[in-house]
Amino acid sequence: MSDHGEGPAIGIDLGTTNLCVAVWQNGRAEIIVNDQGKRTTPSYVAFTHTERLVGDAAKTQVARNPTNSVFDAKRLIGRRFSDPLVQSDINHFPFKVIEGPGDTPMIIVEYKGKERHFSAEEISSMVLRRMREIAEDYLGTIVKNAVVTVPAYFNDSQRKATRDAAGLAGLNVLRIINEPTAATIAYGLHRMDSSIGKKNVLIFDLGGGTTDVSLITIEKGVFEVKAVAGDTHLGGEDFDNRMVKHFVNIFKRQHKVDISKNSKALRRLKNACEKAKEVLSSAMETTIDVDSLCNGIDFISTITRAKFAELNMDLFRKCIHIVEKCLTDAKMDKSCVHDVVVTGGSSRIPKVQELLREFFNGKELCKCINPDEAVACGAAVQAAILTGMGNEKLQDIVLLDVTPLSLGIEVHGSDMSIVIPRNTAIPTKKKEIYTTMRDNQTSMLFSVYMGEGDRTCDNNLLGQFELSGIPLAPRGVTKAKLCFDIDTNRILNVSAKEMTTGVTSKITFTNYKGRLSSEENDRMVQDAEICKAEDDEDRKKFEAWLKFGGHVVNGIATVAGLYFMGAGKIKFK
Ligand code: AMP
């Protein structure tokens, strides 16, 4: 049976802060609006003593329930608990994260009066499941297949964990693609009729939590990613935090009260700052107004666009350095860039746009695609191509992608020997010959690493495998051919073959640390089913409650209508 035969395939931009879902329909990529009528959905899941909330409903109650409202799961997904970035992130989360089995981060919440542990995959799957349901309502059919996007800098483990999350949400992932690559596809569609010859396009994607810059060439409908550079910890949230810090200081000066450890007050201030930041993209000045921020004190203060830019100038400049790095990696001068495309919600910030324009010597930026939606649209286009649903407009698109980090093995005890360099177009296959270091070695151990460090201790160990049963010989005589093979899904197969006997060994990285074991997967599927059953139970109770009431007033009926379309829950006893 073809996996593709089950309804339309959707494109999902699984962002750190927001999700956006699109489908190829009526000859174009259409955004699927959520149950609140919004085109993006916050990547939030909240747990209360009565229910589980997803998306907008979860985000709006964060200030009241900070320790049980989970966001930024994308920062944890596919990472180890001991990862310094995870350690640094969890210090800033209002919810608790502990070390789970196999060094995985586990999120702890109180749900229906009991302590519950969830992995980042499970949290992401809850949002993905909700989006799948919304897409099914919108399209009036079941939706099984999806193309999901990830930041360009996601490593194998993070990509596989994202795939696991989608799997837990009942989705079959046709392909995982890079966010900036998806944005380029959307952009290419817009410009295909008028573009002639070869174009170099720089995609600047500044989202809520990440920055991705890609250099892509488009020729006769063929997209080739030349280079990617990025920062997984630079985005809108960092700009919000700068503003929060600024106002915490002002509050302290004005009222002699330090709210820097008060998570509830900080969360409320952060919400206000995020709104103010967005307003400052179109106004020169705005006011922060938070009732009873702390100890019953109302907080009102103004901030100008210039002050906001001043607070963040070093971060904005960091974004431009990433652009420079991408161009250096692509060995391309900025004068060779034909178009600069901006995407991601934070790319609306005027100062960022100004710096980018200045860097490109006054070049006008391409903003013809809604920055929040470009990635999902590109993913939907890719989904349509993969399922053969696209029209002739899509048939000429061929997508080449690149490896974001170098891959290689450890040699001489601690040196990194690169087999596939960073920014190699994939799919790819590379072979290298390696030899023994000691006389009469009976086996060779291959440790596969990913990263840019010369020494393996600075890189990520993906896994190890052994080639045993090799013939006894002096050092340097026995030779093994090592083959690194990355398929279109970025799945890495590494094999080694001893050249005289033909004895082989290989590793496929489908089960290395960071990937769900089948038991973990089973447990999570079970948990997801329990959560769904609980949701269904809530829904039944609610329906019964409505029936029992018998005299439902209009207001409630309207809300109930939204509820049955999958909206945030309604409280009932
Ligand atoms: P994304 O990850 O692309 O969904 O972008 C989300 C980020 O974009 C959040 O940090 C938003 O606060 C930010 N954002 C959305 N609209 C604006 C705007 N008008 N000005 C500045 N930042 C914005």
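**Ground rules.** I count residues from 1 along each chain as its sequence is written, and side-chain values use heavy atoms, with hydrogens and water left out. As the model is predicted, local features need pLDDT of at least 70 and side-chain atom pairs count only at pLDDT 80 or more, while totals for chains, interfaces and linings use all residues.

**Entry 1, α3 and α4.** I started with helix α3 (residues 120–139) and helix α4 (residues 156–168), which pack at about 50 degrees with axes 7 Å apart. Helices here are DSSP runs (H or I, at least four residues), numbered from the N terminus. The axes are lines fitted to C-alpha atoms over the stretch in contact, and angles run from 0 to 180 degrees between N-to-C directions. The pair is therefore oblique; that word covers what is left after roughly parallel (under 35 degrees), roughly antiparallel (over 145) and roughly perpendicular (65 to 115). I noted a right-handed crossing for α3 and α4 (the near helix is turned clockwise from the far one by less than a right angle). For contacts (heavy atoms within 4.5 Å), I listed E121, E122, S124, S125, L128 and R129 in α3 against A161, D164, A165, A166 and L168 in α4. Those residues split into five nonpolar, two polar and four charged. Nonpolar means Ala, Val, Leu, Ile, Met, Phe, Trp, Tyr, Cys and Pro, charged means Asp, Glu, Lys and Arg, and the others, Gly among them, are polar.

Next I checked helix α6 (residues 236–255) against helix α7 (residues 263–279): about 115 degrees, axes 9 Å apart. This crossing is right-handed. On the α6 side I found F239, M243 and F247 among the contacting residues, and on the α7 side L266, L269 and C273 are included. The tally is nine nonpolar, two polar and five charged.

Helix α8 (residues 305–329) packs on helix α9 (residues 350–359) at about 40 degrees, with axes 8 Å apart. I put these two down as oblique, therefore. Their crossing is right-handed. Contacting residues include M313, F316 and I320 in α8, and L355, L356 and F359 in α9. I get eleven nonpolar, no polar and four charged residues there.

The side chain of S281 puts an N or O atom 2.6 Å from a ligand nitrogen. A polar backbone atom of G345 is 2.9 Å from a ligand oxygen. For T17, a polar side-chain atom sits 3.2 Å from an oxygen of the ligand.

Definitions and conventions:
Polar contact = N/O pair within 3.5 Å; in protein donor to acceptor, adjacent residues only side chain to side chain.
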